[in-house]
Amino acid sequence: MRYLYLLLLFGTLQTINSQNQFIPDDTTYKTGLETAKKENKSLFVMLYADWCPHCNLMKKEVFSDPTVMDFLKKNYVCVWLNIEKEEGKAIQKKFNTKSLPTFLFLDANETLLYTLKGEMKTAEFMTEANNALNPKLQLPFLEKEFLADPSNSTKFFAYLNTLRKGKDRTDLSPATHTYLNTQSDAQLISETNWRVIANGVTDINSREFQYVLNHQKEFAAVASQNRVDRKVVSIVSELLRPLVDNLDTVNYYKQREVAKSIRLQKTDSLVFKFDLTLAERTEKWKFYKKVTLEDTQKLVWNDASFLKDIGQTYLKHIEDIDALKKSIFWVNHSLELTDSYDGNLLLARLYNKIKDKKTALKYAKKAKVICTQMTWSTKDVDTLLAELGTK
């Protein structure tokens, strides 16, 4: 009897567990559209990937909730598409989605009614899924209202704030410039129009951004200098980051000059870091050395961690003795900012690389002391001490 009871209990638990697990059906996008037309419903599409932690969490915590699934099945035809499969790739491209997960709410004619991106809790998702059913909260209605009166900031923000829930910043640019084209240069300097610029302008060459650059004090008065600085840095990042991510060196070097022309410390520092990332990923060590020799002390002199990162790269990839001595100077300064085990060990290795074993030994011993005090493993420093002929 006890065995039978345990067997029944195990089976019951398995049933409950399976009921609380998200198991997507294999409805195709085409079939989903056809069903949506027949049933006069909207189509709900989740774009996901198996490796995406945010997608997996949504499946586990939101779509495993029977209340959520009952609501979706009642109000939508649901399609779940893996972007690493052919149909998922096609739909991702068709609707120009870049984030995961992305949720598309479409009518039967494939008009985008509403879109969401990213991880959400159940309550937030349910609120948004309900909003997507309301015609006056859907994108086509909000866009029509805005375009009928493009100088109306209230209608613009109603459209923009819904659009941004599922679109990247660059996708907000067309609507933003439609609104801003109704504003004179002088009108741009207002708290409302600063919010428009801050949220929707992504083109570094646009009239509006160039106006911000040339009137920073005026914009700081209606926002703050810190917010203006953050916008300038973010627009440079949005310009250069995709080119670095895609290893597009030709366009990177062109746009780099545009970013450098801003001539602000913060943007120069950002360009410097993008330069080094691209040089490392493309193994352009001559360029890496040139950039670091020119600008390390000017742009990252008070960043101990970054100085050590540069030193590590020199240790691995640079053979020029004079350049290595410069990297030793930088790492030495990082220790003046923050004494550390890894900094002392790095310095010892750099001195060893230029054949200054006496000084290498000095810093290796310092590293050993710190390591022992912290009760960390001394394996790496012991290996270096053995190479230097002592323990």
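Predicted model: local features only at pLDDT ≥ 70, side-chain atom pairs only at ≥ 80, totals over all residues.
1. Start with the cis peptide. The bond joining Leu 100 and Pro 101 is cis, with omega at about -10°. Pro 101 sits in the loop between helix 5 (86-94) and strand 3 (102-106).

2. Next, Asn 40. Its phi is positive, about 55°, although this residue is not a glycine. You'll find Asn 40 in the loop that runs between helix 2 (29-39) and strand 1 (42-48). Its relative accessible area is 72%, so Asn 40 counts as exposed, the cut-off being over 50%.

3. Thr 375 is another non-glycine with a positive phi, about 55°. It comes after helix 21, in the loop between helix 21 (357-373) and helix 22 (379-387). Thr 375 is exposed too, at a relative accessible area of 69%.

4. On to helix 21 itself, starting with its length.

5. Which residues of helix 21 are buried? They are Thr 359, Ala 360, Tyr 363, Ala 364, Ala 367, Ile 370 and Cys 371. Around the axis they cover an arc of only 135°, so they lie on the same side of helix 21.

6. What covers that buried set? Helix 19 (321-337), helix 20 (341-353) and helix 22 are among the elements that do. On the face of helix 21 turned away from the buried side, the exposed residues are Lys 358 and Gln 373.

Terms used: Residues numbered from 1 in each chain as written. Heavy atoms only, no water. Helix = DSSP H or I, 4+ residues; strand = E, 2+ residues; numbered from the N terminus. Buried < 20%, exposed > 50% of the residue type's maximum accessible area, 1.4 Å probe, protein only. Arc of directions from axis to C-beta. Contact = heavy atoms within 4.5 Å.
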